[in-house]
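Subject: Structure handover

Hello,

Here is the structure I promised to pass on. Please open it alongside this message; my notes follow below it.

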Amino acid sequence: MTSLFDLYKPGVGPSSSHTMGPMRAAFQFTTGLKDRGVLDRVARVQAELYGSLALTGVGHATDRAVLLGLAGNEPATIAPESIEPTIASIRASRRINLGGSRSIAFEEASDLVFHRSTMFPPNSATQHPNGLRLTAFDDAGKVLDQRTFFSIGGGFITEDVTQPGAAGSAAQTDAHIPFPFHSAAEMLEQAQARSLTISQLMLANESARFGKLSADAAQEKVLERVDRIWDIMSSCIDRGVATEGTLPGGLNVRRRAHRLAERLREKEAAGTPSDPLAPLDWVTVWAMAVNEENAAGGRVVTAPTNGAAGVIPAVARYYERFIPGADREGMQRFFLTSAAIGILYKENASISGAEVGCQGEVGVACSMAAGGLTAALGGTNGQIEHAAEIGMEHNLGMTCDPIGGLVQIPCIERNAMGAVKAVQASRIAMNELETHKVSLDQVIRTMYLTGMDMQSRYKETSLAGLALNIIEC
């Protein structure tokens, strides 16, 4: 099963599928060259981008991500402030320090190729619109290694193992998971049979991954890591709120979270009549702050993707700031439960905007946040499932049509809307009987089929929708 810490991964913006995934693939490629003992023979590398990676790659910083990965950097550990100097050095010298240890010539015009009219790499058995093929050559032009990767959303990558030189499938080494589930119905049945909440079931599963530790020590380890994820998210909110200026990329989009937060603080300081919807204004600010940080290439956490990274932190901050009695345990329930819901989407549908549109990113984040908030508020398992279902039901069919291929318009505001929807979905579920007509499993299946029916030009290609109809000045 997918782990909570696979869904919630620290990285850098602006895109988990177009930045983090390609960076991880390029890093894995260079690691493979070292492992095969051929790195010292490499004279040239070529990266070829296909489909959505090619069509919106420049706006999503895919080109930069590939360079950084080839230079031996990973999304989880790279310092955001080091990105610009590293890219500038590679482009100025026209050389790359492959794997961080071997300097070779790198001509970006010929060694980083955008195949904008080809969706999948030729002769590939695997198909996904985010394809990346990496090839290493020796001095004579002979191929030393070639590997084909697919960035499948949320920073996850998979490899076409049918290609020559592929690493092959790794052996399963995960610890025994005590309560595996592959559907919402199965998750609820497992929890009911053992009188567990969804968060307790998830905690047991995550703790089992630390097989060498005692049960208590493993649980504390998991909870410490959950706390750390929230710390990173919370810091991201604070940076986004504190920062002013214009986002990179050429659209000249102003950062608005800082100004909006100042206006809210001014109203509060003036003692104006209390606005009952003010907490939702703050949810909007926090979601936009995170996604402005993401658009600027800052440190964020996939939740479950970078493009949707603002929804869950904003709803978590709403719980922390506006719910009386909010505490650490409630926040842990929020993340454990939201991850359980995210796993269902990851394993039964998709969290890739290039595959199913933005319903698979902001829609999934909204569903996760709605269920997580309901858990934090002490809702029953049935109410959690209902809230998650509502969160997705009203995001079905949402396209991914970023203007200029940038994760800015409509992405930043869309996160704010997704966060507000999540709060409302939780409130509906908490005030309803647990019986409802549409199940979470049914809405997950519907989302996936809707995504399969959606035309590819509405799926992170910037060929239709707002991306086509807004004239850039």
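Pro410 sits in the loop between H16 and helix H17 (411-430). The model is predicted. The peptide bond from Ile409 to Pro410 is cis, with omega near 10 degrees. A cis bond also joins Ala303 and Pro304, and there omega is about 0 degrees. Pro304 belongs to the loop between strand E9 (299-301) and helix H12 (311-322). Most peptide bonds are trans, and most residues other than glycine have a negative phi.

On phi, two residues deserve a look. Ala61 is not a glycine, yet has a positive phi of about 65 degrees. The loop between helix H3 (52-55) and helix H4 (62-70) holds Ala61. Its relative accessibility is 12%, so Ala61 counts as buried. Asn252, also not a glycine, has a positive phi of about 60 degrees. Asn252 is in the loop between H9 and helix H10 (257-270). Is Asn252 buried or exposed? Asn252 counts as exposed because its relative accessibility is 56%.

Now the overall build. The chain has 19 helices and nine strands. Its radius of gyration is 22 Å, close to the 23 Å that the globule rule gives for 473 residues, so the chain is as compact as a globular protein of that length. The C-alpha trace spans about 70 × 55 × 40 Å along its principal axes. Of the 473 residues, 56% count as buried. Take the contacts in the chain with a separation of 6 or more: 75% of them are between residues 24 or more positions apart. The chain exposes about 19200 Å², and carbon and sulfur atoms supply 51% of that area.

Next, charge. The chain carries 42 positive and 51 negative charges, and their mean positions are 4 Å apart. The salt bridge count comes to 16.

Arg328 is worth a stop. Another is Asp227, where the closest N and O atoms are 2.6 Å apart. Asp227 is in helix H9 and Arg328 in helix H13, so this pair ties together parts that are 101 residues apart in sequence. Arg328 is partly exposed, with a relative accessible area of 37%. Glu220 is partly exposed at 35%. Asp227 also counts as partly exposed, at 22% relative accessibility.

Helix H9 takes part in a further bridge. Arg239 forms a salt bridge with Glu293, with the closest N and O atoms 3.2 Å apart. Arg239 lies in helix H9 and Glu293 in helix H11 (residues 278-295), so the pair ties together parts that are 54 residues apart in sequence. Arg239 is partly exposed, with a relative accessible area of 31%. Glu293 counts as buried, because its relative accessibility is 8%. Elsewhere, a network of salt bridges links Asp63, Arg91 and Glu108.

Glu389 is another matter. This residue lies in helix H16 (residues 381-393). Glu389 is buried yet has no salt bridge. How far away is the nearest side chain of opposite charge? That side chain is Lys437, 12 Å away. Setting aside neighbours within four places in sequence, Glu389 is in contact with Ser367, His436, Val438, Ser439, Leu440 and Val443.

Last, Met202. Met202 lies in helix H8 (residues 198-207). Its relative accessibility is 1%, so Met202 counts as buried. What is in contact with Met202, leaving aside its neighbours within four places in sequence? The list is Leu4, Phe181, Leu336, Ala339, Ala340 and Ile343. Met202 and Ser338 are 136 residues apart along the chain, and their C-alpha atoms are separated by 9.9 Å.

Best wishes

Note on methods: Residues are numbered from 1 along each chain as its sequence is written. This is a predicted model: local features need pLDDT of at least 70, side-chain atom pairs count only at pLDDT 80 or more; totals for chains, interfaces and linings use all residues. Side-chain values use heavy atoms; hydrogens and water are left out. Helices (H or I, at least four residues) and strands (E, at least two) are DSSP runs, numbered from the N terminus. The radius of gyration is taken over C-alpha atoms; the globule rule is 2.2 Å times the number of residues to the power 0.38. Buried means under 20% relative accessible area, exposed over 50%, partly exposed in between (1.4 Å probe, protein chains only). Contact means heavy atoms within 4.5 Å. Accessible areas come from the Shrake-Rupley method with a 1.4 Å probe; for residues, only the protein chains shown count as cover. Lys and Arg count as positive and Asp and Glu as negative; His and the chain ends are not counted. The place of a charge is taken as NZ of Lys, CZ of Arg, CG of Asp or CD of Glu. A salt bridge is a side-chain nitrogen of Lys or Arg within 4 Å of a carboxyl oxygen of Asp or Glu.
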